[in-house]
Amino acid sequence: MAVLTAVFAALLHALTPFPAAADTAAGAAPGGAPADWTARPGGGAGDRDARPYVYLEGTPGTALQDRLTVTNSGRAPLTVRLRGDGRAGAWTRFADDTVTVPPRTRAEVPLALTVPPAATPGDASGELVATGRGAEVRVPVRVRIGGPTLAALTVEDVEITGGAIRYALVNRGNALLRPRLAVRVEGVFGTLLDRPERPLPLELAPGRRVWRTEPWPDAPALDAVTVRLRVAAEGGARDEAEASGTYVPVAPAAGGGLLLLGGLAALASRAYRKRRTGRGAPRPPEPSEPPEAGAPPGTGASHRGPDPDHRPLAQAGARP
């Protein structure tokens, strides 16, 4: 009987929720996502009708109106702080920066986005940020500013680093761009890499510059390569850039370099010794022919007359 009582008490204790655990569940879920509240663009009655982001259109100097919906599905009041982030987010003002939402209630928060009078025509982006119960929700904002648009995209600073290709994309126009990239690498003996044009998971706002890395796990161990990158985007924006590099095995190159330096040093030392030997050793006397019959003593056949090329300086410069 005592054993059954102990087991029943243990089961009852295990099934009873702890207050600390309940408080944690009411706050933020793992990973920072809110467990019991949401923030999204206003106007949708449910998930199917919800807009993915706030989209507004206007000319420079106009004030655009919209709403942000904050839903509290928990059993306690929710207080959230609202702010804007990014270029378009900085143009946004809320009716109230701090909003308290009762349990099981949804609140519609009015907002106004004022396009600066000097804003460049094209696209601008940003985010609306809601923070509450230790969690944060970001709602994207897209603004189309009236006027002529220019789509301009450049690829710059291409680098080859080991098994990767690094480059920078720059939006030089005033329109939001979604770049596409094609990669081609040529080596000494032909094409090493040919990746057709594909869209990048990126939205490039006007004036924005981003660094990206293209993986190349099959890079050669020994070759001279030329990398060509071609980018394009909507509106006719396109650009190309290239870079060259040489792949050389580190260990063989170092050994070969040391061997080459050693050989050059040995040859130089040998040539130096030969040169020193040639300068220091006296030349042996040339053999003279026997004197001819009737010639004065001490003269040979090789001294038949003065050599004009070996005349003394005084004779060479004397007048006849």
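**Notebook: pocket, sheets and selected residues**

**Entry 1. Pocket lining.** I began with the largest pocket, to whose lining strand S8 (122-132) and strand S9 (135-145) each supply at least two residues. The model is a predicted one, in which local features need pLDDT of at least 70 and side-chain atom pairs count only at pLDDT 80 or more, while totals for chains, interfaces and linings use all residues. Residues are numbered from 1 along each chain as its sequence is written, and side-chain values use heavy atoms, with hydrogens and water left out.

I noted the volume of the largest pocket as about 200 Å³. Of the 15 residues in its lining, Tyr55, Asp123, Arg144, Leu176 and Arg178 are the closest to the centre. A pocket here is an open set of points on a 1 Å grid over the protein atoms alone, where a 1.4 Å probe fits and protein lies on both sides within 12 Å along at least five of seven lines; a lining residue has an atom within 4 Å of a point. Points are joined across faces, edges and corners, and the volume is the space filled by probe spheres set on them.

Which strand gives the largest share of this lining? I found that S9 does, with three residues. I then sorted the lining by class and recorded eight nonpolar residues, one polar residue and six charged residues. Asp, Glu, Lys and Arg count as charged; Ala, Val, Leu, Ile, Met, Phe, Trp, Tyr, Cys and Pro as nonpolar; the others, Gly among them, as polar.

**Entry 2. The whole protein.** I recorded five helices and 16 strands. Both are DSSP runs numbered from the N terminus, with helices (H or I) of at least four residues and strands (E) of at least two. Of the 320 residues, 30% count as buried, a class that means under 20% relative accessible area, with exposed over 50% and partly exposed in between (1.4 Å probe, protein chains only). Among contacts with a separation of 6 or more, I noted that 65% join residues 24 or more positions apart; a contact has heavy atoms within 4.5 Å.

**Entry 3. The open sheet.** I next followed three strands that form an open sheet in the order S10-S11-S14, with antiparallel pairing. Strand S10 (153-161) and strand S14 (209-215) are the edge strands, each with a single partner strand, so one side of each has no neighbour in the sheet. From one strand to the next, the twist averages 20 degrees, with axes taken as lines fitted to C-alpha atoms and angles running from 0 to 180 degrees between N-to-C directions.

S10 and strand S11 (residues 164-171) run antiparallel and are joined by seven bridges; at least two bridges found by DSSP are needed for a pair. Within this pair I located Thr161, whose bridge partner in S11 is Ala164.

**Entry 4. Val210 in the sheet.** Is Val210 buried or exposed? Val210 lies in S14 and is buried, at a relative accessible area of 10%. I listed the residues in contact with Val210, apart from its neighbours within four places in sequence, and found Tyr167, Ala168, Leu169, Leu202 and Leu204. Val210 and Tyr167 are 43 residues apart in sequence, yet their C-alpha atoms are 8.6 Å apart in space.

**Entry 5. Other strand pairs.** Strand S12 (residues 180-187) pairs with strand S13 (residues 190-199) in the antiparallel sense over seven bridges. The two form a hairpin with two residues between them, and Gly187 stands opposite Gly190 in S13. I also traced S12 to strand S15 (residues 223-233), an antiparallel pair with seven bridges. Here Val183 has Leu229 of S15 as its bridge partner.

Strand S4 (residues 78-85) has antiparallel pairings that I checked in turn. Four bridges join S4 to strand S6 (residues 98-101), with Leu78 opposite Val101 of S6. Five bridges join S4 to S8, a strand that also contributes to the pocket lining; in S8, Thr131 is the bridge partner of Arg81.

Entry 6. Most residues other than glycine have a negative phi. Where is Arg104 found? Arg104 is in the loop between S6 and strand S7 (105-114). Although not a glycine, Arg104 has a positive phi of about 55 degrees, and at 61% relative accessibility it counts as exposed. Asp157 lies within S10, with a positive phi near 50 degrees. Its relative accessibility is 41%, and Asp157 is classed as partly exposed.
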